Structures are given as C-alpha cells and as structure tokens.
Number of protein chains: 2
Amino acid sequence: MPGKTKIPAATILRLSIYHRYLKNLEEDGTDVVSSAELASHTNVNPAQLRKDLSYFGRFGVRGVGYDVSKLSNRIRVILGLEKEWNMALIGAGNIGKALLQHKQFEAQGYRFVAAFDHDPEKIGKKIRQGMVVRPLKNLGRFMRTRGIDLAVMAVSTRHAQEVVEQVVEAGIKGVLNFAPVRLKVPGDVAVQNVDFTVLLDTLTYALSTVSVSRDSYSLEAKKNWSRIHSWPITEANYA
Amino acid sequence: MPGKTKIPAATILRLSIYHRYLKNLEEDGTDVVSSAELASHTNVNPAQLRKDLSYFGRFGVRGVGYDVSKLSNRIRVILGLEKEWNMALIGAGNIGKALLQHKQFEAQGYRFVAAFDHDPEKIGKKIRQGMVVRPLKNLGRFMRTRGIDLAVMAVSTRHAQEVVEQVVEAGIKGVLNFAPVRLKVPGDVAVQNVDFTVLLDTLTYALSTVSVSRDSYSLEAKKNWSRIHSWPITEANYA
DNA sequence: TGGTGTGAACAACTTCACAGCG
DNA sequence: CGCTGTGAAGTTGTTCACACCA
C-alpha cells in the first residue's frame, strides 16, 4: 500500500524482472496471470511478488489474478519507462562497441545518442552508422545542448574514477559502470556496477566448496549455496 | 570464526571485491592495510569488512591491521582462485566475441578454452587466434575429453533455457548467464546473471522518483535510494 | 471457490560498541 | 594506544497464514 513504508531495493529489481516477463505474456496474447505463475517464471516466492506489488497499490483481482497488460503498464510507470532514455557510451573499446550493437537496449526504450572516448586514436572514427566517437572533453557541452540521461561507462579500471568525475560534472545522474572498481560519487548520483569477475568469483566459490572441502565452514557454505543462486547485494554509498 | 554459522551470500561477493583491491595494493608495494582503509576503497562499512573476514578466520593483527599479501592469499584460497578455471563461451554473437577479447578474465585466472554456437553460419569460423566456433552438440564430448568448469552463456533469450539444459546435461556446474531470463537449473548448478536492462531499470526508477513525483511512495522511494546504490539481490531457486 | 492483499512472525544481514590483545 | 574480532542490538527483507472479496 502506498504510504510511508520503505521500499526494499530488491523490490525494484524484481519489478523489472516481472515487467520483462509480462511483456512476453502480452506478446503471446495471455491476458490474465496469477502471482503463482508469474512468480514461478521469475524464480521468486509468490508471496514475495504480491508484497512487492503491494508497496505501490492494489493491482489484482481476488480469485482471479492480474490483468497482464494493465499490470505491465503500471510497472512501466513505476520504473519510469514510459519515456525514452538517452544514453551516452563512454569508452569505445571491445565491450563498448558490443553494447552499441546490442539489440536489447533499443527494444526497451534505451537509446545510445553519442559515444565518447579520450583516446585520440579512436576519436573521429565512425563507431556505427551515423555515430562518430567524440572527445570526452566535449561531454559537458553535448549534455547541455542535447541532453543525456544515463552514462554507460566501459573504460579501463585505471581511468574509471576520473572519467566518472567528468560524467558527474556534466550533470549526469545515472551511471552503468562496467569497470571493475567501486566508484565514488555524490549521493544524488545512482551507480550500478556490471562486474563480471566478481560474479565469476562467486561461482568458483560455490564450485570449490563442493569438491574440495572437509572444513566445517565450507560444508555450511555449500548447504547455504544450493538454495541461493543469483544475486544482488545492497551496497551503501560512503562517498 | 569458522564453525556452524551461515555465511551470507553478500559476504562472498564482497570478498571478491576486497581481493581485487588487495591485489592493487600488492602491486603498489603496500604491505599493511587497516579495515578502515580497505573498507573505504570498497564502499563498505569497516565493521562489515571485519565481520566478513571473521567467518573464515582471524587474519589481522590488533592495533596494526592486515598483512596485504597474506590476506590476499587467504581470500584467494577461500574463493577457490588458486586454480585456473576453464570456461566455454556459448553463443558467438556480439557480446560473446567482446567477452573473448576481454583482458580482465585472463588476468584473474579465467581462461576461455572453446567457443560453441548452434548457428551453422558461425560454426567453423575462427573467432580468435587458435579458436574456432564448434557446434553446440559437441559440448558434451568436449567436456568429457578436455574439461570445462564454467559456461559463459551469451545466447538469445529465446534459446537460453534449452541451451542451459544442454550445458547442465554436459555436466557443467557453473554458469554466467547474459541472456535476460531467469533460468531453471538443478539445485547443484550455480547460476549468476548479468542483466543489463534490469540494472538500467533500477537507474531509471531512481531518476524518475527524483524529478517526477509528488506521490507519497515515490518520495519515500527516493529517500531510500539516496542511501543505497549498487546491488545484488538474493534470489531463491525454485527449479 | 480461489487467488489477492497484508499484518505479524521470522529470518537474514548490518552496524554498534566495546572487550581483548599486540 | 590503536585496530581487530565479535556478541548483542538494530535494521531490513522475506515468508507465513489467513482474512477478504470478486
């Protein structure tokens, strides 16, 4: 129920996952879905799903379930997905280029409007049709004249902190960071990290504690693990 | 302290982050570090860091701090990083190719040993020096003769579930999944998802609740958000 | 009847605060 | 004296269980 209750961070993440599955259902022409079914396809507990929705209102019909397209729209509004979001790619390396080609973004209303780098080798090169790599120092000007909502940072570890400072300086308030560092940013800037090696390390931990161990803690760890599979973690910001 | 206590999932993730920073310190020649310093560079609370370590033993010296290389090695062992991990790339598209080129993996002891796809167009093509795309149906055989520890799946949403079933069938116990679906796997298989659009959606939520809203819940949401920045989430496995 | 919505119980995780020790 | 290690307190998030209603 809307009100004074705090919304768990994890709830927002799950909302996005529900929303994605609801879009599939819409395409298939399904028009009603129960919390049990939606929950099973998104690997959550049905009560969890209902609780997540209850933070924002009452969207279902008792004894029936949820109207697929109505619920989908409500979540779209909650997440702020009714508008198109303009993104700047920062860092025109391997990963950056692959992200530019990635179809998934466009499909969701995310649009790359420019690419930046500070390597003179790369500047001026055409990175995809109608998009040329710009010098990073022009980020602020571009931001003022054309508007950027989000920065997708695929730069080297070494440069990540200084680059994010330029991004913040330019007035961008949301960052998706692919560099393997925890960035320091002001409290009004949101950062999400995409951190491949950290995730791989959790996999190796899981696999190692299976085969190796006879220590007490590893056995426990393994037991714990088999129930718990994919992740987020809430990380405070002490910048 | 090692024993019967359950180890939080989030602890493992942070261990990986501490470890990465410790390696930097080692390279710089720093040999002692306090929980306060290490915590500040990894955006966690110092007590949190000490608690995380305490699940596995007592690694510090009171009044002094932690020996950098000793602690680094201990964490390396805990996470299972003393061995080299063989990975198979599954899906030779944009993202897959970029991951193959990605330097970060090799540096950490993760090694791509083969690439698979089931698109006949791609099979047989050289994807990098000394590596040719193999037919997905040969995955099981390759696994038996050469061994694969982890699968990195960069396949389409549509095929992801059927592909992961072949991966599981082949006997692989750890999967890093880039497809935007929650996969169903047996309880002894560990999966981590790299989910760009979900992370973007959390950013748009954060930004929308700043500018848009006068609703009661959004204001609350914003307040919550400004403290909480980057994420994991614990997701149960109901497969 | 069957599935939602939700307070209350529970479980997990984080932070505090200080004892203990080099 | 200073920083670690950790029980206990506090906070946040999840699940139960059932009232409620189309």
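Leu71(B) is found in helix 4 of chain B, which covers residues 68–79; helices here are DSSP runs of H or I with at least four residues, strands are runs of E with at least two, and both are numbered from the N terminus. The structure is a predicted model, in which local features need pLDDT of at least 70 and side-chain atom pairs count only at pLDDT 80 or more, while totals for chains, interfaces and linings use all residues. Residues are numbered from 1 along each chain as its sequence is written, chains are lettered from A and ligands numbered from 1 in the order in which they are written, and side-chain values use heavy atoms, with hydrogens and water left out.

Leu71(B) counts as buried because its relative accessibility is 2%. Buried means under 20% relative accessible area, exposed means over 50%, and partly exposed lies in between, with a 1.4 Å probe and protein chains only. Leaving aside residues up to four places away in sequence, Leu71(B) touches Leu22(B), Leu38(B), Leu53(B), Phe59(B) and Tyr66(B); a contact means heavy atoms within 4.5 Å. Leu207(B) stands 136 residues from Leu71(B) along the chain, and their C-alpha atoms are separated by 39 Å.

In chain A, His19(A) has its place in helix 1, residues 9–28. His19(A) is buried, at 1% relative accessibility. Not counting residues up to four places away in sequence, its contacts are Ser72(A), Ile75(A), Arg76(A) and Leu81(A).

**Aromatic rings**

A pair of aromatic rings is described by the distance of the centres and the angle of the planes. Rings of Phe, Tyr and Trp (its six-membered ring) pair if their centres lie within 6.5 Å; planes under 30 degrees apart count as stacked, over 60 as edge-to-face and the rest as tilted. Over all chains, the whole structure holds 10 aromatic pairs. The pair Phe105(A) and Phe112(A) is edge-to-face, because the ring centres are 5.7 Å apart and the planes are at 85°. Phe105(A) is buried at 1% relative accessibility, and Phe112(A) is buried with a relative accessible area of 4%. Ring pairs link a cluster that includes Phe105(A), Phe112(A), Phe105(B) and Phe112(B).

A lysine also lies over a tryptophan face in each row below. A charge sits over a ring if NZ of Lys or CZ of Arg is within 6 Å of the ring centre and within 35 degrees of the ring normal.

| Lysine | Ring | Distance from ring centre |
|---|---|---|
| Lys83(A) | Trp85(A) | 4.2 Å |
| Lys83(B) | Trp85(B) | 4.3 Å |

**Confidence**

Chain A averages a pLDDT of 88, and 86% of its residues score at least 70; pLDDT is the predictor's confidence in each residue, from 0 to 100. Over residues 211–239 of chain A the pLDDT is below 50, and this stretch has 101 contacts in the model beyond near neighbours in sequence.
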